[in-house]
Amino acid sequence: MKKVQLITDGACLGNPGPGGWAAILRFGDLKKELWGCEKQTTNNRMELTAAIEGLRALREECAVEVVTDSEYVMKGITTWIQGWKKKGWLTAAKKPVVNQDLWKLLDEQVNRHKATWTWTKGHANHADNNRCDELATRAAREQSKS
């Protein structure tokens with residue numbers, strides 16, 4: 001099984017506002033950059049979309065290390081989602097899970113792969129995370145797609 005690293009980030013100009021997401025896929029010496037945008041969204045939605053689109057870009061099952069600077073995405077996919085699913089997509093407060101549509105898509109993509117999750121501090125020393133931040137911010141500003 002191929003071992004791939006996926007680095008993701010989301011950005012939003014205002015929250016809500018114009019948003020952008022970016023993902024970098026690394027396999028050996030190969031590197032692929034992806035990005036996209038939405039006219040009106042939130043930062044959390046863009047963080048989720050970056051992970052979804054990065055995983056969706058993989059054509060076959062892979063062992064994927066997903067690197068994110070979003071504690072929301074990291075905790076959601078590794079901890080909270082099991083409870084949400086058991087409770088019919090309700091939170092502990094019995095309210096519908098926010099961004100449920102994207103959580104379901106992310107869960108579907110994660111289940112296609114053997115995924116592990118790594119958190120990195122945003123705007124710090126991770127070159128690919130910084131590059132994703134740059135791409136996501138540009139996508140939000142210019143409303144551009146890769």
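Guide: We can start with the whole chain and then go to single places; note that this is a predicted model.

Visitor: Fine. How many helices and strands are in the protein chain?

Guide: The protein chain has four helices and five strands. Read from the N terminus, the order is β-β-β-α-β-α-α-β-α.

Visitor: And what does the C-alpha trace span along its principal axes?

Guide: The C-alpha trace spans about 45 × 40 × 25 Å. The radius of gyration of the chain is 15 Å, which agrees with the value near 15 Å for a compact globule with 146 residues.

Visitor: How much of it counts as buried?

Guide: Of the 146 residues, 47% count as buried. Among contacts with a separation of 6 or more, 68% are between residues 24 or more positions apart.

Visitor: Take helix 2, then. At what angle do helix 2 and helix 3 pack?

Guide: Two packed helices are described by the angle between their axes and the distance between the axes. For helix 2 and helix 3 the angle is about 95°, and the axes are 11 Å apart. Angles of 65 to 115 degrees count as roughly perpendicular, so helix 2 and helix 3 are roughly perpendicular to each other.

Visitor: Which residues meet there?

Guide: From helix 2 there are Tyr72, Val73, Gly76, Ile77, Ile81, Trp84 and Lys85, and they meet Trp103, Leu106, Asp107 and Val110 of helix 3. By class, that contact has eight nonpolar residues, one polar residue and two charged residues.

Visitor: New topic: loops. Where is tryptophan 89?

Guide: Tryptophan 89 is in the loop between helix 2 and helix 3. Its phi is near 65°, a positive value in a residue other than glycine.

Visitor: Is tryptophan 89 buried or exposed?

Guide: Tryptophan 89 has 11% relative accessibility. The cut-off for buried is under 20%, so tryptophan 89 counts as buried.

Visitor: What about histidine 123, what is its phi?

Guide: The phi of histidine 123 is near 55°, again positive in a residue other than glycine. Histidine 123 lies in the loop between strand 5 and helix 4 (127-142). With a relative accessible area of 63%, histidine 123 is exposed.

Visitor: And threonine 120, where is that?

Guide: Threonine 120 is also placed in the loop between strand 5 and helix 4. Its relative accessible area is 13%, so threonine 120 is buried.

Visitor: What is threonine 120 in contact with, leaving aside its neighbours within four places in sequence?

Guide: Threonine 120 is then in contact with Val67, Thr68, Asp69, His126 and Asn129.

Visitor: One last thing. Which peptide bond is cis, the one from asparagine 15 or some other?

Guide: The bond from asparagine 15 to proline 16 is cis, with omega near 15°. Proline 16 is in the loop between strand 1 (2-12) and strand 2 (17-27).

Key. Residues are numbered from 1 along each chain as its sequence is written. This is a predicted model: local features need pLDDT of at least 70, side-chain atom pairs count only at pLDDT 80 or more; totals for chains, interfaces and linings use all residues. Side-chain values use heavy atoms; hydrogens and water are left out. Helices (H or I, at least four residues) and strands (E, at least two) are DSSP runs, numbered from the N terminus. Buried means under 20% relative accessible area, exposed over 50%, partly exposed in between (1.4 Å probe, protein chains only). Axes are lines fitted to C-alpha atoms, for helices over the stretch in contact, and angles run from 0 to 180 degrees between N-to-C directions. Angles under 35 degrees count as roughly parallel, over 145 as roughly antiparallel, 65 to 115 as roughly perpendicular and the rest as oblique. Contact means heavy atoms within 4.5 Å. Ala, Val, Leu, Ile, Met, Phe, Trp, Tyr, Cys and Pro count as nonpolar, Asp, Glu, Lys and Arg as charged, and the others, Gly among them, as polar. The radius of gyration is taken over C-alpha atoms; the globule rule is 2.2 Å times the number of residues to the power 0.38.
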